[in-house]
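I am opening a notebook on a structure that is new to me. The entries below follow what I looked up, in the order I took it.

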Amino acid sequence: MKSNANQKGFWHGALLLTAVALFMKVLSVGYRIPYQNITGNLGFYVYQQIYPFYSIAIILATYGFPVVVSRLVSEQIVKNEVEKAEELSRYSFYVLTALGTAGFVVLYAGSPLLADLMEDPALQTPLRATAFSFLIMPGIASIRGYFQGQENMIPTAWSQVVEQSVRVVAILSISIGLVINGYGPYATGTGAAAGSIIGGLAAFLLLLVLRIRKNTTQKALFRTHLFRFLGVARRLLTEGVLICVSALVMVLFQLMDALTIVPGLTEYGLSSLDAKEMKGVFDRGQPLMQVGVVLATSLSLAIVPVISKATEEENIESIREKAGLSLKVSLVIGLSAAAGLFIIMKDTNRMLFTDASLSYTLSILAVAILFSSLAMTGAGILQGIGLARQAARYAGLGVLLKAFLNIILIPLIGINGAAYATVFGFITVASLIGAAVHRRVGLRKYPFRLKRTGFAVAMMSGSVLLLQLIIPTSSSRGAASLHALSGAALGVVVLSLSLIMLQVFTKPELMQLPKGEKVSMLHQKLRKGA
């Protein structure tokens with residue numbers, strides 16, 4: 001009974017984390033849509049060219065380094081070594097400051113080279129503005145890690161909300177002001193980078209105030225022990241990067257697109273301006289993919305701490321059960337999101353971005369939702385069982401394959417080559433990581449119920465296609481919105497009922513999921529009614 005209570009408590013916490021993650025991701029997608037509407041395809045292209053660099057700094061400050069700092073601090077708190085915890089926290093800040101400064105210098109000084117690689121010298125200024133985000137990262141990461149090490153997640157949560165909220169308001173306000181005053185897309189992109197910096201500064205100031213209030217270190221303790229310092233540096237450089245591998249892989253795929261698409265399209269035969277415009281349209285798929293992946297992975301990745309605990313206890317059955325369930329959740333939601341978005345992409349494209357340009361290309365990108373979801377979930381599992389290096393290695397191979405296919409395919413078949421490269425890249429990562437998980441825990445006997453899942457998704461897809469045939473098509477944005485929203489709503493209802501009726505999830509699995517008892521009771525009522 002106690003075990004079941006713990007499981008329910010875990011999943012209710014996971015549900016809360018999912019809601020927060022979805023809120024933040026919706027906010028992230030929400031500002032990109034009006035930004036594209038305000039600045040146009042070329043303006044969106046400029047923003048997406050610099051976004052991967054900012055995103056790398058934010059991911060390191062949110063997922064990677066704070067986790068390592070929290071481990072360093074919590075290890076000392078458990079031993080009641082409060083002063084040593086403060087000391088290691090200070091060392092972490094020193095190391096991260098050095099890393100952040102190096103990142104700033106490399107990006108700022110290297111912006112001419114990067115702009116040349118992208119075949120767009122005008123990107124130098126936006127890239128240099130983005131470089132300042134690496135100077136804010138150390139303070140944010142170290143303070144978040146310090147509080148997390150004391151099991152206080154409130155500062156981290158508030159700082160994320162403040163950062164994203166201020167960032168969105170700043171980006172849109174600056175962009176509107178620049179466009180109204182006649183500035184071009186590159187000036188607007190620089191303004192957007194400045195807005196991101198403002199959001200980071202707001203989060204840092206909040207964390208700094210909380211940290212100063214918490215500070216208990218005496219001045220006499222401010223001395224450095226070399227071996228401890230080097231130990232902190234080693235752990236930050238190794239564990240920090242490995243921890244964020246699942247979050248970084250999508251950003252690195254975007255970075256490969258930023259570096260190769262425009263040169264590839266000009267080689268394909270497009271003019272420089274047309275290539276940039278097309279890249280801006282292609283980038284519409286990124287926020288849509290991210291929402292789908294968050295839907296598919298938030299619950300499944302939240303199970304990683306439980307897998308870590310089972311690994312410490314050497315409980316292979318528990319590891320297999322939790323790993324199988326997390327992959328199954330990711331599979332069901334990822335496949336459903338990919339299929340649904342593939343069907344309604346044309347209407348979604350027009351609803352959000354005013355026209356249906358490159359809808360087929362964006363539909364190809366939607367397929368990647370399934371494989372990226374499985375890849376990220378599998379990477380989290382490998383991290384939980386102590387194989388984070390393997391996950392990083394496979395992710396690196398996927399990124400290299402993505403870059404190679406971009407270079408080969410785009411000059412041959414145009415922009416669709418970038419979409420196919422994304423899909424094949426994530427298929428590779430998902431396959432390698434999935435095989436590694438299977439070798440470690442053995443998933444052959446786990447009840448994934450693939451046929452039932454496929455049938456449920458087919459029923460959902462069929463109902464959405466039928467609805468599209470019933471509702472008359474139109475080129476207007478309002479009609480497209482009606483198509484997209486009604487299709488999405490119908491798809492969710494049909495999928496949910498199909499999953500319940502077909503018993504895709506077993507009763508023990510449902511008992512571990514949020515509201516599992518209610519779902520099980522609903523299934524019993526539906527069966528009796530039938």
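**Entry 1: cysteine 244**

I began with the contacts of cysteine 244: leaving out residues up to four places away in sequence, cysteine 244 touches Ile59, Leu60, Tyr63 and Gly64. I note here that the model is a predicted one. Where does cysteine 244 sit? I found cysteine 244 in the loop between helix H7 (226–243) and helix H8 (245–268). I then took one of the contacts, leucine 60, and compared positions: cysteine 244 and leucine 60 are 184 residues apart in sequence, yet 6.9 Å apart in space, C-alpha to C-alpha. I also checked accessibility, and cysteine 244 counts as buried because its relative accessibility is 0%, against a cut-off of under 20%.

**Entry 2: serine 70**

Next I looked up serine 70, which lies in helix H1 (residues 2–78). Is serine 70 buried or exposed? Its relative accessible area is 11%, so serine 70 is buried. Apart from neighbours within four places in sequence, I listed Gly145, Gln148 and Gly149 as the contacts of serine 70.

**Entry 3: the cores**

I turned to the nonpolar cores. The largest has 93 residues, and Leu123, Val249 and Val437 have the most contacts inside it. Helix H12 (residues 316–353) gives this core its largest share, 15 residues. I wrote down a second, separate core of 32 residues, with Ala61, Val68, Leu88 and Ile197 among them. Going back to valine 249, I found that it touches Met376, Ala395, Val399 and Phe426, not counting residues up to four places away in sequence.

**Entry 4: helix H5**

I checked the length of helix H5 (residues 154–180). Its 27 residues reach 39 Å from the first C-alpha to the last, close to the 39 Å expected at 1.5 Å a residue. I also looked for its buried residues, which include Pro155, Ser159, Glu163, Arg167, Ile171 and Leu178. Just after H5, I found glycine 182 with a positive phi of about 85°.

Which phi does threonine 354 have? I read a positive value near 80° for threonine 354. Threonine 354 is in the loop between H12 and helix H13 (359–384), and at 42% relative accessibility threonine 354 counts as partly exposed.

I read a positive phi for glutamine 503 too, near 55°. Glutamine 503 is in the loop between helix H17 (477–501) and helix H18 (507–512). With a relative accessible area of 34%, glutamine 503 is partly exposed.

Note on methods
Residues are numbered from 1 along each chain as its sequence is written. This is a predicted model: local features need pLDDT of at least 70, side-chain atom pairs count only at pLDDT 80 or more; totals for chains, interfaces and linings use all residues. Side-chain values use heavy atoms; hydrogens and water are left out. Helices (H or I, at least four residues) and strands (E, at least two) are DSSP runs, numbered from the N terminus. The expected span of a helix is 1.5 Å times one less than its number of residues. Buried means under 20% relative accessible area, exposed over 50%, partly exposed in between (1.4 Å probe, protein chains only). Contact means heavy atoms within 4.5 Å. A nonpolar core is a set of buried Ala, Val, Leu, Ile, Met, Phe, Trp, Tyr and Cys residues joined through side-chain atoms within 4.5 Å.
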